[in-house]
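Visitor: Hello! Please take me in for a close look at one part of this model, and talk me through it in one go.

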Amino acid sequence: MLTQVPLPEKYHTLSLEQMAERIGAHKRAFGDRLVILGHHYQRDDVIRFADFTGDSLKLSQLAARQKNAEFVVFCGVHFMAESADILTDDSVQVILPDLTAGCSMADMATLEQVEEAWAYLTDVTDEKIIPITYVNSAASIKAFCGRHDGACCTSSNARRILEYALDQGDKVLFLPDQHLGRNTAYAMGWPLESMILYGPDDNDFSDEQIRQAKFILWKGFCSVHQYFTPEDCAQVRRTDPDRKIIVHPECCWEVVQKADLAGSTEYIIKVITEAPDGSRWAVGTEINLVHRLIEQNLGRKDIRLLGKPQCLCTTMFRIDLPHLLWCLDELAAGRVVNRITVDPATRRDALLALERMLEHVHAEPVSSK
Ligand code: SF4
């Protein structure tokens, strides 16, 4: 994990109103030279300053369109800022307000581990393996996929990208989120028996099972979405049978099977926004987004979090007003802090994987019943 320099003491003594006023003043002074991007899981006091909000796919596309900006301040996590750096022109400087805002899932697949797995898997089988990585991964993993005819995907377009991968090769190595890989492949009609789970440190399958498998799923997971359990769904069914359950496909397969709908963050927002007044929902995704959906639909739709309120993306939560103000103060003083850059070779190969994904952008649910 990267380390963040401690902020000067003055940032801990300002009131929320003082910080908000100064951030607003910086935004006005920078004008079009500055773009602030905010992920849907971001806290309310920060996201109100975002020029654009979205999930990782939408923000990737928005970043790619920032031709006039000099600075993109990314209120998200590290892999998102890396993608923004890869997709923007060299003249655009991408800033992450707190360098410790990482993603535990992305950290579960390192380049060294993936290269070791690749050597092993390609030694066991002559069939062509296409590596696909969820965008929630390090730039080095995206570059690995780019070098090996693979691509990135998001939860919006995972199905389309898996179809693409199976057109290009015989098997898929899906990184790093086992759940998105399993849920998507299953929704496409592939049985669980066609998938094996690859852990960099512990594997208990035979070479023959690798040869038989269609999908090799990396043993990664989201530390937020893992909290939703089949029992949470069962509890809703028992106590409130008319309430619909909608979840993110980073939830485990059993939860997705018990839900009514599963899809990306953008999909969840769209379904709930377009749902009729009076509808009732239990939502299985990050708590900041669920709270925002509750507030936006207050008095019209009955929305609650699925399960217990422990589903906070704690790393994204590290981006707060003091860090946002600090990096803008530094920019105003002519100093670029917390710039995220991807080296040219990694950038070139990762761009291949990202561009293959963006060619196939198609927002769709992972499964619906
Ligand atoms: S919600 Fe999960 S996958 Fe998304 S950034 Fe947080 S830890 Fe990573």
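**The ligand shell and a helix on a sheet**

Guide: Around the ligand there are 13 residues, with Cys103, Met105, Cys222, Val224 and Cys313 the closest; a residue is near a molecule or strand if its C-beta atom, placed from the backbone, lies within 6 Å of it. This shell is made up of eight nonpolar, four polar and one charged residues, where Ala, Val, Leu, Ile, Met, Phe, Trp, Tyr, Cys and Pro count as nonpolar, Asp, Glu, Lys and Arg as charged, and the others, Gly among them, as polar.

A word on reading the model: it is predicted, with local features needing pLDDT of at least 70 and side-chain atom pairs pLDDT 80 or more, while totals for chains, interfaces and linings use all residues. Residues are numbered from 1 along each chain as its sequence is written.

Now to the helix. H4 (residues 78-87) packs against H15 (residues 344-359) at about 95 degrees, their axes 10 Å apart. Helices (H or I, at least four residues) and strands (E, at least two) are DSSP runs numbered from the N terminus; axes are lines fitted to C-alpha atoms, for helices over the stretch in contact, and angles run from 0 to 180 degrees between N-to-C directions. H4 and H15 are therefore roughly perpendicular (65 to 115 degrees; under 35 is roughly parallel, over 145 roughly antiparallel, the rest oblique). From H4, Ser83, Ile86 and Leu87 meet Arg347, Ala350, Leu351 and Leu354 of H15, contact being C-beta atoms, placed from the backbone, within 7 Å. Five nonpolar, one polar and one charged residues form this contact.

H4 also lies across S1, S3 and S4, at about 155 degrees to S3. Those strands belong to an open four-stranded sheet, ordered S2-S1-S3-S4 with parallel pairing; two strands pair if DSSP finds at least two bridges between them. S2 (52-54) and S4 (93-95) are at the edges with a single partner strand each, so one side of each lacks a neighbour in the sheet. On average, neighbouring strands here are turned by 20 degrees against each other, direction ignored. S1 (residues 34-39) and S3 (residues 71-75) run parallel, joined by five bridges, and isoleucine 36 stands opposite valine 73 in S3.

Most residues other than glycine have a negative phi. Asparagine 338 counts as buried, with 21 C-beta neighbours inside 10 Å (20 or more is buried, 12 or fewer exposed, in between partly exposed, with C-beta atoms placed from the backbone).

How values were computed
Two residues are in contact if their C-beta atoms, placed from the backbone, lie within 7 Å.
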